Amino acid sequence: MEQVSEPFTIDLRRLTVLRELQRRGSLARTAEALHLTPSAVSQQIAALARETGVPLTEKDGRGVRLTGQARVLLAHADAIAAQLERARADLGAYGEGGRGSVTIGCLSSGILGLLPGVLRALGDRLPRVRVDVVESEPPDLFTALDAGQVDVAVAVHFAAAPRHTDARYSRTELFTDVMDIAVPAGHRLAGRERVALRELAAEAWIVGDARSCVGAVARSVCAAAGFTPDIRHAVSDWGALAALVEAGQGVALVPRLVRPAYVHRDLALLTTEDGAPPSRHVFAAVRTGAEGDPVLATVLDQLRLSGLEFTRRDQQRAL
């Protein structure tokens, strides 16, 4: 009699926990991201190991690290997730399409300088689709994308963002966001159009959290110019940062996406003359396979078009 092997089945929710462990690097950070206890994360990984019949973690000092078998499994997990998203997209395309809801996760500067125009255009292009927006940055933004809490992620590329080659996501490059220096209107350099960053080495600086994109970029740009900024204020809210600059409490590196927050402020925006200006690369991402969904494809297309329009206006302003 021919022997029939038992079917190989695994709980896809446990794969999500393993993928998050790969991203976060520790049980504690994984538990925090997934709103679980470290014990619950360990139990999920152990159950997945029993299902697959291979060890998925091994001790690494006081923590754990993924085994080679775990990395093999994760490569298949990416393919499984992508195929499920394609199935969802095909089902969405089968019917009428153009219905339902979409949640866009976006960094704060993108909400300020990009999404208002995107949302107005989507109201015309997708009148029967509800579009919600949540503010978030990597890595939490991509944890939410993996979990289906957001459908489209708008982010900038920096250390906490996924690599360009990450198979879990389909990326759409949007535009390059140049960063300028904001100084008080009465500042000694306010009358100039261009300055070298080194000229601001002795100034007090207002910089965002080091874990945020702008905070990380500001520190690295100053380091490349040959100095460590004297950070007096750690502020992530763009309106609050503008108010502090206006009050003469320091200078700041600000992306052009946030210009709407500075229109009525008594301050000056200066372009750096240190070669290529500091900038951020803005992109949109969906789960691989979801790019075929007709509604998400329209959202991505509108983000791309709005990014081109932002670039066009920025170039005209520079002339």
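These numbered notes cover the helix packing, backbone and cysteines of a predicted model.

1. Helix 1 against helix 3. Helix 1 spans residues 12-24 and helix 3 spans residues 38-52. Their axes lie 9 Å apart, at an angle of about 115 degrees. The crossing of helix 1 over helix 3 is left-handed. On the helix 1 side, the contact is made by Arg14, Leu15, Val17, Leu18 and Leu21. Helix 3 contributes Val41, Gln44, Ile45, Ala47, Leu48 and Glu51. By class, eight residues of this contact are nonpolar, one is polar and two are charged.

2. Helix 1 against helix 2. Helix 2 covers residues 27-34, and the axes of helix 1 and helix 2 come within 8 Å, crossing at roughly 120 degrees. The two helices are therefore oblique to each other, because an angle counts as roughly perpendicular only from 65 to 115 degrees. Helix 1 passes helix 2 with a right-handed crossing. From helix 1, Val17, Glu20, Leu21 and Arg24 take part; from helix 2, Leu27, Arg29, Thr30, Ala33 and Leu34 do. This contact of helix 1 with helix 2 comprises five nonpolar, one polar and three charged residues.

3. Helix 2 against helix 3. Here the axes cross at roughly 100 degrees and come within 8 Å of each other. Helix 2 is therefore roughly perpendicular to helix 3. Leu27, Ala28, Thr30 and Ala31 of helix 2 touch Pro38, Val41 and Ser42 of helix 3. The residues of the contact of helix 2 with helix 3 are five nonpolar and two polar, with no charged residues.

4. Residues in two of these contacts. Val17 and Leu21 of helix 1 meet helix 3, and Val17 and Leu21 also meet helix 2. In helix 3, Val41 is in contact with helix 1 and with helix 2. In helix 2, Leu27 and Thr30 meet helix 1, and Leu27 and Thr30 also meet helix 3.

5. Backbone at His35. Most residues other than glycine have a negative phi, and most peptide bonds are trans. His35 has a positive phi, near 60 degrees. His35 sits in the loop between helix 2 and helix 3. With a relative accessibility of 71%, His35 is exposed, because values over 50% count as exposed.

6. Cis peptide bond. Pro138 and Pro139 are joined by a cis peptide bond, with omega about 0 degrees. Pro139 belongs to the loop that runs between strand 4 (129-135) and helix 7 (140-146).

7. Gly191. This glycine, Gly191, is in the loop between strand 6 (169-184) and strand 7 (194-195). Gly191 counts as exposed, at 80% relative accessibility. Its C-alpha atom is 8.1 Å from that of Ala268, while Gly191 and Ala268 are 77 residues apart along the chain.

8. Cysteines. How many disulfides does the structure hold? There are zero disulfides. Cys106 has 0% relative accessibility and so counts as buried. Cys222 is also buried, with a relative accessible area of 1%. Both assignments follow because buried means under 20% relative accessible area.

Notes
Residues are numbered from 1 along each chain as its sequence is written. This is a predicted model: local features need pLDDT of at least 70, side-chain atom pairs count only at pLDDT 80 or more; totals for chains, interfaces and linings use all residues. Side-chain values use heavy atoms; hydrogens and water are left out. A disulfide is a pair of cysteine sulfur atoms within 2.5 Å. Buried means under 20% relative accessible area, exposed over 50%, partly exposed in between (1.4 Å probe, protein chains only). Axes are lines fitted to C-alpha atoms, for helices over the stretch in contact, and angles run from 0 to 180 degrees between N-to-C directions. Helices (H or I, at least four residues) and strands (E, at least two) are DSSP runs, numbered from the N terminus. A crossing is left-handed if the near helix is turned anticlockwise from the far one by less than a right angle, and right-handed if clockwise. Contact means heavy atoms within 4.5 Å. Ala, Val, Leu, Ile, Met, Phe, Trp, Tyr, Cys and Pro count as nonpolar, Asp, Glu, Lys and Arg as charged, and the others, Gly among them, as polar. Angles under 35 degrees count as roughly parallel, over 145 as roughly antiparallel, 65 to 115 as roughly perpendicular and the rest as oblique.
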